[in-house]
Amino acid sequence: MFPSTFSASFHDEDRVQKMLYRPLGGTGLNVSVLSFGASSLGSVFRQTDDSECLQVVKEALKSGINYIDTAPWYGHGKSETVLGKALQDIPRSCYYIATKVGRYLPDIDKMIDFSAERTLRSIDESLDRLGLDCIDIIQVHDMEFADNLDIIINETLPALQKAKNAGKVRFIGITGYPLENFRTVLEKTTVKVDTILTYCHASMNDNSLTEYLPYFQSKGVGVINASPISMGLLSDRGPPAWHVATPDIKQVCADAASYCKSKGVDISRLAMEFTLSQKDIPTTLVSTASLKNLQKNIDSVHTPLTSEEKAVQQEVMEKFMKPLNNKNWEGVEVAEYRQKLKVLKGDN
């Protein structure tokens, strides 16, 4: 059974048949379990080659991935711009696309703006960069950076509803790292929220998203997950320098990666399987600007773990991950942002 995004003239039929699809809440969209996070196209993790980026997007979609996520924040418009070029030669019916509002430039005083005026302007800018008439899902980016969630409820979400009424977007979503913020906003808003996006909470080191899934399902909200390897924690290379996880989390994950390596097993592959096998999570975003890594990610859907890999995965969970007890780094990044903003304003 092919998804509604399938096009015989564009897709690789065999690869699409191997991809898994799940319903995204009450949206009516059936999305690939593996979806494409376009943050890497904005050179967020490393300097990228635009020509390879264009190939990566095309290959991802031809393989059956049908959900793409981006934001103005990624490369400060570059991700959307590169993505827009890549999508020019791809039928619009072959993919669903989501972008965001609220987080913009690296300058501390220009980074966050959840006002209604900036929100509406941001949507028009995204449509222009992407070369599209309509965005499938528009999302509030990292709500925890707001001084108070009231601005999200009273300004940002109503602005998104206005854009939806104008036909510029189809569905409305909210994103962020702290899980409890989603419950707060969903309980208080009068705007219909269709999706939530969170990251690093459905991973081997922190699987706390599962505790919230029944609540989201009861609200008919589709769940979009991101970072199955916890932004590099669950990899041989390790996390980037900017990763804000606490030292003990980093150490445990590094020890787990070393253990896997000693057994001849790739911890990233174990991490991908751990996340993708959770059937109540409709889709998981993975970002790459490398054709080689893209294929590796797709293989994680197509190729089951060997009995040896399963055994090592279980050992890693028992020996390293369960003692962490879903420990996270909530509040660290926001505290750093607020401190820098305070210094900039000259507040004591």
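**Figure 1. Lys310 in helix 11 of the predicted model.** Lys310 has its place in helix 11, which covers residues 307–321; helices here are DSSP runs of H or I with at least four residues, strands are DSSP runs of E with at least two, and both are numbered from the N terminus. This is a predicted model, in which local features need pLDDT of at least 70 and side-chain atom pairs count only at pLDDT 80 or more, while totals for chains, interfaces and linings use all residues. Residues are numbered from 1 along each chain as its sequence is written, and side-chain values use heavy atoms, with hydrogens and water left out. Because its relative accessibility is 48%, Lys310 counts as partly exposed, a class that lies between buried (under 20% relative accessible area) and exposed (over 50%), with a 1.4 Å probe and protein chains only. From C-alpha to C-alpha, Lys310 and Lys78 are 39 Å apart in space, and in sequence they are 232 residues apart.

**Figure 2. Ser235 and its surroundings.** Ser235 is found in the loop that lies between strand 9 (222–226) and helix 8 (247–262), and it counts as buried because its relative accessibility is 10%. A polar atom of the Ser235 side chain lies 2.7 Å from the backbone oxygen of Gly232, and the side chain of Ser235 also reaches the backbone nitrogen of Gly238 at 3.0 Å. If neighbours within four places in sequence are left aside, Ser235 is in contact (heavy atoms within 4.5 Å) with Ile229, Ala257, Ile267 and Ser268.

**Figure 3. Helix 3 and the elements packed against it.** Helix 3, made of residues 78–87, is mostly covered, since 7 of its 10 residues are buried. These buried residues are Ser79, Glu80, Val82, Leu83, Gly84, Ala86 and Leu87. They pack against helix 2 (50–62), strand 4 (67–69), strand 5 (96–101) and helix 4 (116–130).

**Figure 4. Strand 6 beside strand 5.** In strand 6 (residues 135–140), 6 of the 6 residues are buried, so this strand is largely enclosed by the rest of the structure. Strand 5 and strand 6 pair in the parallel sense over 4 bridges, where pairing requires that DSSP finds at least two bridges between the two strands. Gln139 in strand 6 is the bridge partner of Lys100.

**Figure 5. Leu157 and the nonpolar cores.** A nonpolar core is a set of buried Ala, Val, Leu, Ile, Met, Phe, Trp, Tyr and Cys residues joined through side-chain atoms within 4.5 Å. In the largest such core, which has 76 residues, Leu157, Ile174 and Phe216 touch the most other members. Helix 5 (residues 149–165) gives the largest share of this core, namely 6 residues. Apart from this core lies another, of 39 residues, among them Leu29, Tyr67, Tyr199 and Ala245. Beyond its neighbours within four places in sequence, Leu157 is in contact with several residues, including Val140, Ile152, Ile172 and Ile174.

**Figure 6. The chain as a whole.** The secondary structure of the chain comes to 12 helices and 10 strands. The radius of gyration, taken over C-alpha atoms, is compared with a globule rule of 2.2 Å times the number of residues to the power 0.38; the chain has a value of 19 Å, close to the 20 Å that the rule gives for 348 residues, so the chain is as compact as a globular protein of that length. Its C-alpha trace spans about 60 × 55 × 40 Å along the principal axes, and 55% of the 348 residues count as buried.

Definitions and conventions. A polar contact is a pair of N or O atoms within 3.5 Å; within protein, one must be able to donate a hydrogen and the other to accept it, and residues adjacent in sequence count only if both atoms are side-chain atoms.
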